[in-house]
Amino acid sequence: MRRTNSGVSLVVVLLVVYATLVLFTLAGKSVSSTTGIDVVCDSQQDCRAAATTRQEERNNYNDNNNNNNMQAGRQLATFGGGCFWGMEKWYRKEFPKLKSAAVGYLGGSIANPTYKLVCTGATGHAEVIQVEFDPSEVKYRDLVTYFFRIHDPTTLNRQGGDVGTQYRSAIFYHSQEQKEEAEHVKNEMQETRYEGRPIVTEITEATTFYPAEDYHQQYLEKNEGGYCIHKP
């Protein structure tokens, strides 16, 4: 019995020491949980400042990249086809005349989603790439056709080993003309490239685009050999 009690006492002491070390490690650290923006900081004041900065970055992106504020004649195109790292890599490589490209989240039910939240599947957002282009230099039809080439549009909520609604195949249109063109190309691809394998790509009107965290932008350019399941 003495041995048993001594063993229990030792375990208790070790747990107390461990808990104390954890508390000291985390002392002074705060995480913003009310803004929907991931920040880890030394105080609530720092958290608010960091979250505000992140929100301003997102607001500036959307202010500069919507159909009302873009230069005359330019358009947006938005696609979801699995992990957005590979989508961005190949679109940038295939269409060097794009005016801009960014990865982010679209199609969900809450504002300012974070990567961690989107990965739970609870927000309803898809990982997407949004590009700005000049139709005199890049045709929307070519962007849509390429979309059907570099991912598998016949797998529901899945690309390779990535499973979840955030990886769904989706085209988010920004005008009635884009919607009609996307539907036309989808039908063509069903007949010529995916015969016998029903395409499950959704074609939905674009809502607010939330740029992903900075480390996701041009990820594969910064991390050569990083994870990519897309093939041109």
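Me: Which helices each supply at least two residues of the lining of the second largest pocket?
Reply: α3 (84-94) and α7 (219-222) do. Helices here are DSSP runs of H or I, at least four residues, numbered from the N terminus. This is a predicted model, where local features need pLDDT of at least 70, side-chain atom pairs count only at pLDDT 80 or more, and totals for chains, interfaces and linings use all residues. Residues are numbered from 1 along each chain as its sequence is written, and side-chain values use heavy atoms, leaving out hydrogens and water.

Me: Where does the largest share of that lining come from?
Reply: From α3, with four residues.

Me: What classes are in the lining?
Reply: Four nonpolar, four polar and five charged residues.

Me: New topic. Where is R158?
Reply: R158 is in strand β6, residues 158-159. A strand is a DSSP run of E, at least two residues.

Me: Why does R158 count as partly exposed?
Reply: Because its relative accessibility is 42%. Buried means under 20% relative accessible area, exposed over 50%, and partly exposed is in between (1.4 Å probe, protein chains only).

Me: What does R158 touch, leaving out residues up to four places away in sequence?
Reply: V163, G164 and Y167. Contact means heavy atoms within 4.5 Å.

Me: And how far apart are the C-alpha atoms of R158 and C83?
Reply: They are separated by 9.7 Å, with the two residues 75 apart along the chain.

Key. Nonpolar A, V, L, I, M, F, W, Y, C, P; charged D, E, K, R; others polar.
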